[in-house]
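Visitor: I have the model open and would like a friendly tour of a few local details. Could you take me through them?

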Amino acid sequence: MASRSALSISEKKSVLANYDKLPEKTNQRLAAQQLGIPQSTLNKLLKSRNEISYCTESQNRKRKRESKSKATDEALFMWFKQASAMNAPINRSILMTKANDLAKKMGEINFNATDGWLTRWKDRHDIVYKKLHGEKQDAVASGADSWIKTTWPTVLNKYGPENIFNLDETGLYYRVTPDYCMVLKNTPASAGKKNKARITVALTCNMTGTVKKKPIVIGKSKQPRCFKGVKNLPVDYFSNINAWMTSFIFESYLRKWDSTLDHKIALILDNCTAHPNFSLKNIELVFLLPNTMSLIQPIDQGIIKAFKTFYRSDMRSQIIDAIDDGQGNGNDIAKNMTVPQAIHMSHNAWMKVTTSCIVNCFKKSGMVPITTNEALELDLPDVPVDISGLQIDKETFNEWLDVDKDLPVFQVMNDDEIAAEIVSHKEQGNDVEVHDEDEVEYAEDRVPVTRSEVFNAINTLRRAIEEHDIGTNYFDTLNNLEHIMMVSIPKKQEQITDFLKRT
């Protein structure tokens with residue numbers, strides 16, 4: 001009888017990939033014969049395919065060996081990813097000391113990191129010690145090039161461009177105005193404090209630019225005053241005391257997205273502590289190597305720049321219109337912007353980012369081959385100059401564009417916070433009702449829109465269509481909207497006191 005040898009993790013993944021390519025998969029006996037393995041082995045692989053797909057251990061290991069302390073294992077890996085992102089030098093002694101410290105903070109008093117435990121921990125997370133040669137930037141570029149040549153082809157072959165997505169976050173000062181430009185000509189400009197009211201915006205799209213997910217917007221307040229009565233938003237809104245992405249928000253968003261899918265996709269992510277690695281039914285998380293995001297993260301190659309260009313161009317136009325209507329100067333107008341306004345402007349800016357911009361950024365990342373003479377245009381809007389008495393040039397606009405370029409979007413956690421995150425698996429402070437100080441200072445309580453105000457506004461738009469040559473099709477659009485609002489906003493039932501007042 002022939003002896004059977006156990007399959008390594010990479011071999012198991014290869015068998016499953018070949019199984020998925022078979023035209024007839026209903027007959028598992030025949031499928032096993034074509035794959036050259038026993039039917040019982042194929043049955044076991046199919047039952048445990050999720051665990052195999054998301055296994056992060058060394059690909060040559062035969063079986064997954066669980067850690068004797070899963071909490072310490074996860075906490076140390078979270079700390080390691082955070083320290084690696086900060087380019088901190090890490091050696092064996094540091095890892096063992098940190099593991100013991102984190103174990104104590106989580107109440108595991110009998111835990112002691114040994115050489116054997118640390119070796120198995122490194123194997124589980126595919127971590128190796130390397131001596132860097134030459135300049136650090138050369139090492140980073142080498143890592144990025146290695147990922148593109150080794151990991152990327154497997155992902156592309158498995159899913160195809162339509163089903164490969166990228167997600168990335170950016171901080172946004174949603175009220176800040178450009179320096180030296182929001183004043184009338186020949187009027188002295190008074191220096192003022194930059195308005196640093198912020199949100200975090202996460203953008204997600206596929207390689208072909210045919211699918212753009214609703215933006216994730218993270219604010220400081222769970223229920224801002226200006227959200228009173230709001231039931232629908234064009235984004236997925238979350239809150240965190242610092243308006244940062246957290247592992248809790250990230251996992252909640254992905255689990256909800258995963259539940260809506262009926263096919264498999266891959267999601268490319270940077271390797272930060274706010275992006276934990278966990279199993280999903282339809283989404284495979286594919287992580288870039290630390291410190292390579294600026295080189296091969298597609299959204300970081302120009303998509304965020306395009307998004308912010310559209311956002312700030314829209315903001316500038318609104319400020320110009322308000323100034324022309326005599327509503328005050330630019331800074332006064334900007335500081336009264338609310339989170340809902342920023343949300344709608346963010347949604348509109350994201351909708352304006354073109355398919356060609358997205359495709360070109362994937363090309364720039366190295367994930368799509370380009371020809372030698374191919375120009376990678378980002379399809380950015382032209383920057384208007386000297387309109388309505390406001391002076392601005394491209395240099396000033398670009399400075400405005402980059403004012404929040406390096407704004408942090410996730411928390412650098414200390415040991416206590418890492419331990420609490422692992423133990424409770426819950427976002428710190430997310431359920432606490434907090435308010436953005438600027439929001440409290442400037443925003444008034446939201447007053448519900450009345451039925452009469454809605455139909456007065458529709459009638460105003462109908463008159464505007466009559467008076468401007470923009471096409472008659474918009475009358476039908478407006479009529480449909482009027483019908484929807486008529487059904488959605490029922491008439492307020494009259495009270496007997498109202499009747500008596502009229503009589």
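Visitor: Which cysteine has the closest sulfur to that of C361, and how far away is it?

Guide: Happy to start there, with a word on the model first. It is a predicted model, in which local features need pLDDT of at least 70 and side-chain atom pairs count only at pLDDT 80 or more, while totals for chains, interfaces and linings use all residues. Residues are numbered from 1 along each chain as its sequence is written, and side-chain values use heavy atoms, with hydrogens and water left out. A disulfide is taken as a pair of cysteine sulfur atoms within 2.5 Å, so the sulfur of C361 is too far for a bond with its closest cysteine sulfur, in C357, at 4.3 Å.

Visitor: How many disulfides does the model have by this rule?

Guide: A disulfide is a covalent bond between the sulfur atoms of two cysteines. C357 is in no disulfide, its nearest cysteine sulfur being that of C361. By the distance rule the count is zero.

Visitor: Is C357 buried or exposed?

Guide: Buried means under 20% relative accessible area, exposed over 50%, and partly exposed in between, using a 1.4 Å probe and protein chains only. C361 has 0% relative accessibility and so counts as buried. C357 has 1%, and therefore counts as buried.

Visitor: Where is A243, the residue with a phi near 60°?

Guide: Most residues other than glycine have a negative phi. A243 has a positive one, although this residue is not glycine. Helices (H or I, at least four residues) and strands (E, at least two) are DSSP runs numbered from the N terminus, and A243 is in the loop between β4 (236-239) and α9 (247-260).

Visitor: How are α18 and α19 oriented to each other?

Guide: Axes are lines fitted to C-alpha atoms, for helices over the stretch in contact, and angles run from 0 to 180 degrees between N-to-C directions. The axes of α18 (residues 451-467) and α19 (residues 473-488) come within 10 Å and cross at roughly 175°. Angles under 35 degrees count as roughly parallel, over 145 as roughly antiparallel, 65 to 115 as roughly perpendicular and the rest as oblique. The pair is therefore roughly antiparallel.

Visitor: What is the orientation of α11 to α13?

Guide: Helix α11 (residues 303-324) packs against helix α13 (residues 339-352) with axes 8 Å apart, at an angle of about 125°. That makes α11, relative to α13, oblique.
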